[in-house]
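The structure comes first, then the questions.

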Amino acid sequence: MTPRRPGIRKATAAALALGLSAALAACSGDGGGDGGNGGDAVGHGGVPKLSVSGAYLPRPPMTDMAAGFLTVRNTGGGADELTSVTTPLAAEVTLHSTEGTRMKQVGSLDVPANGRLDLSSGGDHLMLTDLTHRPKVGEKVTFTLHFATSDPIEIKVPVEPTTYRPKD
C-alpha cells in the first residue's frame with residue numbers, strides 16, 4: 001500500500017465536490033433559509049429589495065469542502081451584486097460561475113432588478129473550503145450574504161442528505 005499524498009487528497013475532494021454538483025443538477029426551490037431585504041439605492045433609478053429562499057447545503061462527502069445553494073430574489077427596481085458569503089463553518093467561501101461544463105471562481109454574481117440569482121447544483125454555486133467540521137443532516141448553518149449596495153442578509157441553512165434534490 002502506498003501512502004496518500006495531501007495533493008492527491010485535495011484533488012480527489014475537489015473532483016468529488018464538482019461531481020456531486022453536476023450529478024445533482026437541480027434548481028433551488030422555495031423551501032429552507034430565512035429571508036431578508038436590503039437597503040441602499042443603486043444606479044439605474046431604483047432600489048434593490050432582496051430576499052433569500054431555497055437555501056441548502058448537501059452533507060459534504062469529504063470533511064474539508066462543501067457546496068451551497070440558494071436563490072436571491074430582487075423585487076426592487078435596482079440591480080445589486082452578491083460580493084461574498086461568510087459562515088463560521090468554513091475558513092473561506094468562494095463564488096463560482098458555471099458555463100457549460102466549466103466552473104470558475106468569480107468576484108461577484110449579479111442580482112438583476114426585478115429578477116433573481118439562482119445558485120443551484122450544476123450551475124452557479126458557493127464553495128466552502130477548510131470546514132471546521134463535517135456538518136450532519138438536520139444541522140443549521142449560519143450564512144451571511146454580503147452585497148455591493150444592500151445590507152447583509154443572515155440566513156440559517158439546513159444541511160440535507162448528500163443526494164438531496166430540491167422540489168421545483
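Q: How many helices and strands does the protein chain have, and what makes a run count as one?
A: The protein chain has 1 helix and 10 strands. From the N terminus on, the order is α-β-β-β-β-β-β-β-β-β-β.

Q: What should I keep in mind about where the model comes from?
A: This is a predicted model, in which local features need pLDDT of at least 70 and side-chain atom pairs count only at pLDDT 80 or more, while totals for chains, interfaces and linings use all residues. Residues are numbered from 1 along each chain as its sequence is written, and side-chain values use heavy atoms, with hydrogens and water left out.

Q: Where does pLDDT stay under 50?
A: That stretch is residues 1-44, for which the model has 90 contacts beyond four places in sequence. Here pLDDT is the predictor's confidence in each residue, from 0 to 100, and contact means heavy atoms within 4.5 Å. For the protein chain, the mean pLDDT is 81, and 73% of its residues reach 70 or more.

Q: Why is Tyr56 called buried?
A: Its relative accessible area is 2%, so Tyr56 is buried: the label means under 20%, with exposed over 50% and partly exposed in between (1.4 Å probe, protein chains only). Buried residues make up 45% of the 168 residues in the protein chain.

Q: Why is the pair of Tyr56 and Phe69 called tilted?
A: Rings of Phe, Tyr and Trp (its six-membered ring) pair if their centres lie within 6.5 Å; planes under 30 degrees apart are stacked, over 60 edge-to-face, and the rest tilted. The centres of Tyr56 and Phe69 are 5.2 Å apart and their planes stand at 40 degrees, so this pair is tilted. Tyr56 lies in strand E1 (residues 50-58) and Phe69 in strand E2 (residues 65-74), so the pair ties together parts 13 residues apart in sequence.

Q: What makes the pair of Tyr56 and Tyr164 edge-to-face?
A: Tyr56 and Tyr164 are 4.9 Å centre to centre, with 70 degrees between the planes. Tyr164 sits in the segment after strand E10 (153-160), so its pairing with Tyr56 in strand E1 joins parts 108 residues apart in sequence. At 26% relative accessibility, Tyr164 counts as partly exposed. Ring pairs link Tyr56, Phe69 and Tyr164 into a cluster.

Q: What makes a set of residues a nonpolar core, and which members of the largest one touch the most others?
A: A core is a set of buried Ala, Val, Leu, Ile, Met, Phe, Trp, Tyr and Cys residues joined through side-chain atoms within 4.5 Å. Of the 28 residues in the largest nonpolar core, Leu128, Phe143 and Leu145 touch the most other members. Apart from it lies another core of 5 residues, among them Tyr56, Ala67, Phe69 and Met127.

How values were computed. Helices (H or I, at least four residues) and strands (E, at least two) are DSSP runs, numbered from the N terminus.
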